[in-house]
Amino acid sequence: MGEKVGTKFQNVKGTRDFYPEDMRVRNWIADAWRRVSLRNGFEEYDAPIFEYLDLFTIKSGQEIAEQLFNFTDRGGRSLAIRPEITPSLARMVNAKIHTLPRPIKWFSIPRLCRAENPQKGRLREFFQWNIDIIGEDSVLADAECVFTCVDFLREIGLTPEDVKVRIGSRPLVLAHLRAGGVAEDKLETFLLLIDKRPKVPPEAFEALCEKEGVTKEQMRLFDEFDRLHDNGRGAAPNEQVAPHLAQVDALFTHLEQMGVAEYCVRDFHVVRGLAYYTGIVYEVFDASSSLRALAGGGRYDNLLEVLGGPKVGATGFGMGDVVLGILLDEKGRIPAEIRAGELDYFVIDADEGLLGEVLKAVGALRARGLSADYCCARRGNAGKQLKEANRRNAARALLVRADGLAVKDLRTGEQRELASLDDL
Ligand code: HAM
């Protein structure tokens with residue numbers, strides 16, 4: 001067998017290797033996701049990384065279906081690696097729907113795969129924090145999810161100047177389009193155009209509309225959108241749209257009460273790509289919208305039923321680690337000590353023949369739950385070992401000498417003698 005060397009083997013495009021420094025950043029993010037989920041009352045679950053192919057093609061929509069990594073197993077079953085966890089969640093809840101106390105507040109941090117064309121912010125393998133509430137139809141459940149999302153953004157150091165949760169409503173948009181005379185078979189086209197509108201220059205948008213056969217009269221519907229935003233609370237242009245606008249208002253009232261409204265804006269251009277959304281929808285973007293979405297979600301009241309269960313309302317979102325990581329990095333918000341890693345103690349022997357004492361000290365520190373290391377390679381003098389302690393970002397050095405112990409604070413340089421290890 002030949003030896004694998006150099007660049008003969010590379011990771012597949014769109015995947016990432018996590019060297020220790022990258023792993024520390026990944027864990028720092030995942031720890032915050034988990035901490036925030038738990039403090040908001042969500043319980044953790046997980047599902048298999050592959051499922052029957054049908055589970056993902058039934059209701060997720062064209063885009064996801066085209067991005068599946070699917071395969072046939074030796075028993076001839078059609079399977080796929082999960083591109084999202086929401087269908088698995090619906091399947092799991094359906095299987096125990098009569099025994100699970102509702103509402104269900106669950107979270108997960110699955111590793112997902114989508115056969116995308118890799119580009120900035122989009123990879124073929126990524127992690128995605130999922131927050132979902134199942135079995136509660138009131139807008140309070142949506143408020144809980146948006147609050148938890150903002151709670152995390154705040155926790156990780158992103159301010160309302162850095163990021164915004166852009167909140168819209170799919171039924172509001174559909175009501176607005178229907179009231180404006182858009183035919184049922186044209187609604188999907190209009191939704192796609194609405195999604196595109198803020199992302200392309202006005203001339204390009206007009207050209208797109210023309211290509212799709214949108215009349216000048218219908219173009220007005222897009223401008224009326226802006227007025228729906230500007231009017232803000234309660235100012236509904238017609239009775240079809242009014243109840244949906246009232247619901248968005250109610251959501252914003254709750255978000256204000258919970259103290260996170262400054263992170264949130266109305267944006268009825270947000271209609272979401274996935275086909276299962278039925279109500280309030282939202283996406284999180286960096287404030288300048290120069291990156292792709294950090295997170296997206298909303299209400300999906302039909303998915304459980306479509307997957308063979310009863311009609312039970314659900315709402316939630318997913319936040320990927322890729323765009324989030326880019327944004328945190330660009331803004332310099334990843335603490336240096338997270339990248340560098342940390343040790344509580346590095347044990348250094350200043351004199352010959354003290355290996356036994358060094359091991360005793362290392363053992364005692366680790367037994368107390370402190371992180372401690374020493375130079376296994378017994379080649380360096382005290383100076384070299386000290387250099388290693390600094391490279392490892394140790395907070396303190398424990399100096400083991402023939403005549404006793406001393407502890408040196410490596411941040412301040414302060415040094416103090418110790419009578420024994422108990423003196424630490
Ligand atoms: P999604 O909009 O497809 O929703 O994904 C949510 C987030 O996952 C995106 O905003 C993005 O941050 C991240 N993401 C998606 N695809 C990729 C990719 N190829 N590379 C890197 N990051 C990516 C869903 O997946 C829904 N299942 C979320 C949900 C949960 N809705 C209700 N509950």
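Tutor: Gladly. Let's begin at an oxygen atom of the ligand, where a backbone N or O atom of Ala293 lies at 3.2 Å. Gly320 also uses its backbone: one of its N or O atoms is 3.3 Å from an oxygen atom of the ligand. Strand S7 (125-134), strand S11 (295-299) and strand S12 (314-320) are the elements that give two or more residues to the shell.

A word on what you are looking at: this is a predicted model, in which local features need pLDDT of at least 70, side-chain atom pairs count only at pLDDT 80 or more, and totals for chains, interfaces and linings use all residues. Residues are numbered from 1 along each chain as its sequence is written, and side-chain values use heavy atoms, with hydrogens and water left out.

Back to the shell as a whole. It holds 25 residues, and the closest are Glu84, Thr86, Glu116, Asp132 and Tyr277; a residue is near the ligand if one of its heavy atoms lies within 4 Å of it. By class, 11 residues of the shell are nonpolar, 8 are polar and 6 are charged. Here Ala, Val, Leu, Ile, Met, Phe, Trp, Tyr, Cys and Pro count as nonpolar, Asp, Glu, Lys and Arg as charged, and the others, Gly among them, as polar.

Strands pair if DSSP finds at least two bridges between them; the elements themselves are DSSP runs, numbered from the N terminus (helices are H or I, at least four residues; strands are E, at least two).

Strand S5 (residues 104-108) is mostly covered, with 5 of its 5 residues buried. Ile104, Trp106 and Ser108 point one way from S5, while Lys105 and Phe107 point the other way. Buried means under 20% relative accessible area, exposed over 50%, and partly exposed in between (1.4 Å probe, protein chains only). S5 also pairs with strand S1 (residues 43-44), this time in the parallel sense over 2 bridges, and Glu44 has Phe107 as its bridge partner in S5. In general, strands of a sheet pair through backbone hydrogen bonds, either parallel or antiparallel.

Finally, the wider setting. The protein has 424 residues, of which 47% count as buried, and it contains 15 helices and 17 strands. Taken along the principal axes, its C-alpha atoms fill a box of roughly 90 × 55 × 50 Å.

Technical notes: A polar contact is a pair of N or O atoms within 3.5 Å; within protein, one must be able to donate a hydrogen and the other to accept it, and residues adjacent in sequence count only if both atoms are side-chain atoms.
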